[in-house]
Amino acid sequence: NSSTNTELAEQCVWGLGNIAGDCPGLRDACLECGALEALLRHASADAGTISIGRNATWAASNLCRGFPPPAAAAVLPAAPVFCALVRCHTDTEIVTDALWGLGYLSRAGALHAAAVVEAGGVPALLAPLSSSQGTLREPALYAMVGLTPFVTAELELLHRVLDAILIGLDDASLEPQNAMETLMHFVRHANTLRDAALMGNAVARYVASRHALEPLWRLAQEGGLGRGSIKAAGMAAELLELMVGGG
């Protein structure tokens with residue numbers, strides 16, 4: 001009956017997720033057998049139980065993770081499905097695993113990251129980046145690091161991403177470490193001093209709201225663009241205070 005079929009399908013989905021997550025070799029074997037297409041079908045289906053949707057999204061994300069990364073052609077169909085789940089689904093577990101899937105893809109290589117961008121990955125990540133839920137912010141930040149070259153290439157997009165990150169930083173109850181790491185990564189890959197100045201202003205906002213100077217020291221270690229961003233944001237006095245022990 002349909003109940004038995006649903007239970008069997010869910011067990012198969014769970015099994016595939018465990019196999020794929022064991023090692024890259026088994027992950028690739030699952031991909032060669034067409035497992036991703038079946039899992040994405042269950043993940044994006046309106047019908048069926050929420051449980052199988054959760055398991056299918058988690059299992060599909062496992063097929064996109066690991067090093068060496070999977071071949072781009074084998075996993076690119078997952079990008080638009082993950083983006084749609086992040087934008088439209090209301091279940092936090094499904095959205096979280098879809099975000100991790102985007103993160104694994106964005107860090108797997110240039111072709112993988114480009115597919116995420118083409119599928120609308122950057123706009124889809126904006127809401128999770130500013131979410132008050134750490135379970136959503138962490139994978140969104142993880143994914144955004146992989147998309148840095150695409151974000152820093154467009155000034156307006158860079159503004160929107162920084163604003164989203166800073167909304168989370170303004171929440172004093174949230175752990176800022178991952179957000180700060182993302183900002184530092186942006187500085188390292190800034191194309192111009194103008195871009196670096198934007199990062200510096202972001203850090204300045206953090207320093208003002210948290211009364212913490214340590215991020216300035218980290219910025220100063222990032223070379224010319226890092227030091228330039230400190231100057232552009234008008235934070236030289238604060239950095240001097242840190243250097244003489246005032247922090």
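Student: How many aromatic pairs does a search of the whole structure find?
Tutor: This is a predicted model. The search covers the whole structure, and its count of aromatic pairs is four.

Student: Are the rings of Trp100 and Tyr104 stacked or edge-to-face?
Tutor: Look at the ring planes of Trp100 and Tyr104: they meet at 25°. Planes under 30 degrees apart count as stacked. The centres are 6.1 Å apart, so this pair is stacked.

Student: Which helix holds both Trp100 and Tyr104?
Tutor: Trp100 and Tyr104 are four residues apart. That is about one turn of the helix. Both lie within residues 92-106, which form helix H7.

Student: Is Tyr104 buried or exposed?
Tutor: The relative accessibility of Tyr104 is 15%. Buried means under 20%. Tyr104 therefore counts as buried.

Student: What is the angle between the planes of Tyr104 and Tyr142?
Tutor: Tyr104 and Tyr142 form an aromatic pair, 6.3 Å centre to centre. The pair is edge-to-face, and the angle between the planes is 80°.

Student: How many residues apart in sequence are the parts that the pair of Tyr104 and Tyr142 ties together?
Tutor: Tyr104 lies in helix H7. Tyr142 lies in helix H10, residues 134-146. The pair therefore ties together parts whose separation in sequence is 38 residues.

Student: Which residue has its charged end over the ring of Tyr142?
Tutor: Tyr142 is partly exposed, with a relative accessible area of 25%. A charged end sits 3.8 Å from the centre of the Tyr142 ring, and it belongs to Arg107.

Methods
Residues are numbered from 1 along each chain as its sequence is written. This is a predicted model: local features need pLDDT of at least 70, side-chain atom pairs count only at pLDDT 80 or more; totals for chains, interfaces and linings use all residues. Side-chain values use heavy atoms; hydrogens and water are left out. Rings of Phe, Tyr and Trp (its six-membered ring) pair if their centres lie within 6.5 Å; planes under 30 degrees apart count as stacked, over 60 as edge-to-face and the rest as tilted. Helices (H or I, at least four residues) and strands (E, at least two) are DSSP runs, numbered from the N terminus. Buried means under 20% relative accessible area, exposed over 50%, partly exposed in between (1.4 Å probe, protein chains only). A charge sits over a ring if NZ of Lys or CZ of Arg is within 6 Å of the ring centre and within 35 degrees of the ring normal.
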